[in-house]
Amino acid sequence: MWTDSHCHLDAPEFGADGGSIAQRAAQLGVGWIVIPAVATANFAAVAALAHRQSNCAYALGIHPIFVPQAQESDLAVLRQSVAAAMADSRLVAIGEIGLDFFVPELKAAAMAEKQTHFYREQLKIARDFGLPVLLHARRAQDLILKQLRAISVPGGIAHAFNGSLQQAQAFIDLGFKLGFGGALTFPRALQLRRLAANLPLEAIVLETDAPDMAPVWLHPARNSPQQLPRIGQLLAELRGQAASDVARITSANVLAVLPRLAHLAGAAHLPESL
């Protein structure tokens with residue numbers, strides 16, 4: 001079974017089809033899908049979708065691209081929402097959080113400062129509740145790592161990893177797994193393919209980031225968790241390993257770094273008599 005560690009199944013691009021897409025992905029062998037929130041406005045939606053689908057879990061957080069519209073009070077809402085959801089077995093992480101210095105308007109000094117503030121405060125929430133984090137780190141790997149060293153959290157996933165080997169090792173040393181998805185399917189993504197081929201498989205998790213980050217055979221169409229097995233097959237080919245081994249190990253990696261998902265997955269397989 002495969003695990004999609006990062007999929008925005010509630011996105012408008014899916015309309016009302018998120019549930020049926022999750023079901024079709026399950027039929028293709030996608031055992032679990034993690035749905036990160038991006039703003040307080042979709043906290044309820046990701047939780048509700050995760051509860052409607054037996055193969056879904058969710059995370060709560062404020063995405064850096066949504067920081068410009070966010071208010072300081074949203075951080076309090078996040079903290080309160082996490083506190084209320086700790087009894088919910090389908091909450092598995094804080095995310096999607098981080099920094100984005102690719103989008104031009106997010107690089108301006110005032111907005112960069114606001115991004116950093118929101119990132120730090122969300123790391124503190126993760127630390128206080130003992131939750132791992134799902135990290136967005138576009139053009140910001142070293143700054144993301146700097147704050148992780150200052151505010152210790154129980155690991156997580158560096159989503160859509162596209163850094164250097166040295167940065168990859170820094171994340172691994174801090175207890176993180178590295179997310180790979182559709183980007184590695186492009187033949188010109190030579191550095192990314194080298195990393196995917198040569199990093200320890202125990203450091204890698206798979207993701208679609210659907211509806212974004214479509215693989216080469218779909219680009220620029222809408223991505224979907226149904227594409228994960230084919231992305232995983234390509235990773236297996238790059239590494240010269242059996243796809244079944246890649247599926248098993250990358251899925252185990254997700255469970256290792258998201259222990260609440262591991263508990264949920266274990267509970268899902270208990271006999272009904274228990």
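## Overall picture

A residue is called buried here when its relative accessible area is under 20%, exposed when it is over 50%, and partly exposed in between, using a 1.4 Å probe and protein chains only. By that rule, buried residues make up 55% of the 274 residues in this protein. The model is a predicted one, in which local features need pLDDT of at least 70 and side-chain atom pairs count only at pLDDT 80 or more, while totals for chains, interfaces and linings use all residues. Residues are numbered from 1 along each chain as its sequence is written, and side-chain values use heavy atoms, with hydrogens and water left out.

Along the principal axes, the C-alpha atoms fill a box of roughly 50 × 45 × 35 Å. The accessible surface comes to about 11,700 Å², of which 55% belongs to carbon and sulfur atoms, as computed by the Shrake-Rupley method with a 1.4 Å probe, with only the protein chains shown counting as cover for residues. Of the contacts (heavy atoms within 4.5 Å) with a separation of 6 or more, 71% are between residues 24 or more positions apart.

## The sheet

The secondary structure comes to 11 helices and 8 strands, where helices (H or I, at least four residues) and strands (E, at least two) are DSSP runs numbered from the N terminus. An open sheet of 8 strands has the order β1-β2-β3-β4-β5-β6-β7-β8, with parallel pairing; two strands pair if DSSP finds at least two bridges between them. At the edges are β1 (2-4) and β8, each of which pairs on one side only, and the twist averages 30° from one strand to the next.

Axes are lines fitted to C-alpha atoms, for helices over the stretch in contact, and angles run from 0 to 180 degrees between N-to-C directions. In these terms, helix α5 (residues 109-129) lies across β4 (91-100) and β5, running at about 160° to β4.

Strand β5 (residues 133-138) pairs with β6 in the parallel sense over 3 bridges, and Leu 135 has Ala 158 as its bridge partner in β6. Ala 158 in turn has Leu 178 as its bridge partner in β7, and the chain crosses from β6 through helix α7 (residues 165-173) to β7 in a right-handed β-α-β crossover. Right-handed means that, with the strands pointing away from the viewer, the path from the first strand over the helix to the second runs clockwise.

In strand β7 (residues 176-180), 5 of its 5 residues are buried: Phe 176, Leu 178 and Phe 180 point one way, and Lys 177 and Gly 179 point the other way. Strand β7 also pairs with β8 (residues 204-206) in the parallel sense over 3 bridges, with Leu 206 as the bridge partner of Phe 180. Together, β7, helix α8 (residues 190-198) and β8 make a right-handed β-α-β unit.

Ala 57 is found in strand β3 (residues 56-60), and it counts as buried because its relative accessibility is 0%. Leaving out residues up to four places away in sequence, Ala 57 touches Ile 33, Val 34, Ile 35, Ala 50, Arg 90, Val 92, Leu 261 and Leu 264. The C-alpha atoms of Ala 57 and Val 92 are separated by 6.7 Å, although these residues are 35 residues apart along the chain.
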